[in-house]
Amino acid sequence: MTAATERQLPPPPRKRGLGIAGRRRLLRVIALIVMLVYTVLTLFPFYALFVRSFVSTRDAAQLHLWIPEAAEVSMDMQVGNLGVFYNLDMAVIKDAFGIPQTEFLMARTTLRQVAEKYNIPEQQIKDYFEGFYTFNGWRTLLTGSLYGTTFWAALGRTLLITVISLTLAIILSIFTGYGLSGLRRRDQMFVYNIYLLQMVIPAMLILLPQFLIFQWFFRLFPGYNDPGATRWGLQLLSIILINIKGTALSTMIFTAAISAVPKELEDSASIDGASSWQYVRYILLPLLKVPIVSIIVIMLPLIYNQFLEPYVYLDPANTTLLPFIQSAVGQFSTNFQLIYSAILASVLPLVLVYLMFRRFFVEGVMAGAIKG
Amino acid sequence: MTYTRIAQREGVEQNTTRKASVLERRRILRDWLFILPQFSLYVLLTIVPFIVAIPILFTDMASFTDPTVAPVGLRNFTALFTDPSVQADYFPALRRTLVFVVLNYTTVYIFGLTLALLMFEVGFRGGFFTIVYLPLMVSGLAVGYMAVMLFSRETGTANLLLRQLGLIQTPIDIYSPEGTAFILPLLVGWRYAGYNMAIFLSGLLSIPNETIEASIVDGANYWQRLWKVYFPQMLPAFILATTMCLIGSFAVFDELVAMGALYVNPEAKLLSILFFTYGFQVNRLAMGMTLAVITFVPLVILGVFLQRLQRRLQY
């Protein structure tokens, strides 16, 4: 050890030339460059996703770094080809131009012939197809319906589950923390050790028996119960129950925070005649802002981005955002423009929330990591 | 006389302690009542599934609605050595999973540790933290589709860009065995970079400043400081990152679905996909559960061991 340090002591003269201040500045510059490169690499996939949601499948084999100009639609194009290019159904095209569905449009008819035959202005036809060039993905996603549900309904269910789960999880976790902080150390550790198992049990391991348990209580399988409000409600309820069952982290954070509150506070509250429920609601809750924010920023992405459980538990017509997108992919497996639009649409809400409240996220995550 | 007084006083004391213990007991009961709602839910949904699963492992239950369930003894367990169809499913998936776990564990250090050290040396930067943590807001499913978008053979944006810049000659193909094996951990590591960075950074921040200053005064260079001062003191952080990565990578699912593991891309069929398929698609429920238990129970035991080790080091 001493030999090693002594060997280090006389540093090579050339390195000395920089001096400590110079070396620190060099380190700073290198660190900044690394940060910059990493930032670009991190943001690039998001940018590429944004651009690709506007690039039609036909043009996907070329590199686009910005939304491509819509190509001029030639009036000599054949209707059938356009349908394939823009992933449009012939019935949809007929509807858009007011052509009766009973009319038979040959796939090889050119647009000019269509315009002449049905007396439609050429510009209207051009505008229609150009609109589908850039915005095909977004239009199909936001206006279409799939397996009896729409994008907006799926998004609504996701938000519903997220809000209810977060609220209930926080309330129940505060109860757990309050109860645990009053127990003896031995009992506290007993409960806490059982909660710790949650961190090492992967969802995949208990997925199948967990589903079986819900099956006993709720009878979720097709055939046991007709599709209806009750069945759909129970399905959503099972997802919420999985989300609010409590984690090692929430238990730990709230127990630590509530143990730190002086016991005298509760004694004085009870002397003033407050019940333990009133104590929790009016005195403890306002003191727990920091751990609550911490739990929200950690659990929000997990619940919003949940895929496995909704994919298993929910009917296709009653599904949340991510399984909805997955089923859209199965349906339109060639329309990548739609797929990327859907992915971007699913990512965007949370990213916006994250950027708006980034201060809370950074603080909450660091607080959680120190506990974890 | 004094004797009776003492006896009386003792009686009074006994009385008050009994009263206190009644109050105390009532308080403890109330505490348990507060714990109970979440705890019973937790036990029902996390611990009870193990108990429910045990009898099923010894039957031939094919699906959740199987009307005829017959006991088969240990056949599900021995199938791993005797049944070629199970072997053909399980062992390639196990191999792919192990490759993924190793590569993914590497990315924990490439992304998480490097970024944490960088942040530690130049001081905490909220803006950069925001960027690094951003991918964690993206669902696993979206990360999988982003991988497809960037590295499809013909249409991948990254492929097209790298070829335009002349950095690669032949495009990377995400559906090839090597492509799946390398790109998946890369993207998963990218996604969890912020999480791992937070773990390592909190480990670094918990090191007492005196030890770092002392090592600088003693003339330790950066490399020596890293190995002799930082790493030994942030051992709990290493163990936590290891536990999370190990459990997380064995259970990776969403990303694989996005890469077509359920239907078109056999290279993305890892163990979790296999359990899912057995349970919900090909009517081999009991077999799937058995494989899951065989695979995961050693992992859970290892995880518990790592957790105890971490806590012993921390306190």
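Q: What order do the elements of chain B run in, from the N terminus on?
A: In this predicted model, where local features need pLDDT of at least 70, side-chain atom pairs count only at pLDDT 80 or more, and totals for chains, interfaces and linings use all residues, the elements of chain B run α-α-α-α-α-α-α-α-α-α-α-α-α from the N terminus. Chain B has 13 helices and zero strands, where helices (H or I, at least four residues) and strands (E, at least two) are DSSP runs, numbered from the N terminus.

Q: And how are the residues and chains labelled?
A: Residues are numbered from 1 along each chain as its sequence is written, while chains are lettered from A and ligands numbered from 1 in the order in which they are written.

Q: What box do the C-alpha atoms of chain B fill?
A: Taken along the principal axes, the box is roughly 105 × 75 × 30 Å.

Q: How much of chain B counts as buried?
A: Of its 315 residues, 42% count as buried, meaning that 20 or more other C-beta atoms, placed from the backbone, lie within 10 Å of the residue's own.

Q: Switching topic, how many residues of chain A are in contact with chain B?
A: There are 77 residues of chain A in contact with 77 residues of chain B, contact being C-beta atoms, placed from the backbone, within 7 Å.

Q: Which classes are on the chain A side?
A: The side of chain A that touches chain B has 56 nonpolar, 17 polar and four charged residues, with Ala, Val, Leu, Ile, Met, Phe, Trp, Tyr, Cys and Pro counted as nonpolar, Asp, Glu, Lys and Arg as charged, and the others, Gly among them, as polar.

Notes. Two residues are in contact if their C-beta atoms, placed from the backbone, lie within 7 Å. A residue is buried if 20 or more other C-beta atoms lie within 10 Å of its own, exposed if 12 or fewer, and partly exposed in between; C-beta atoms are placed from the backbone.
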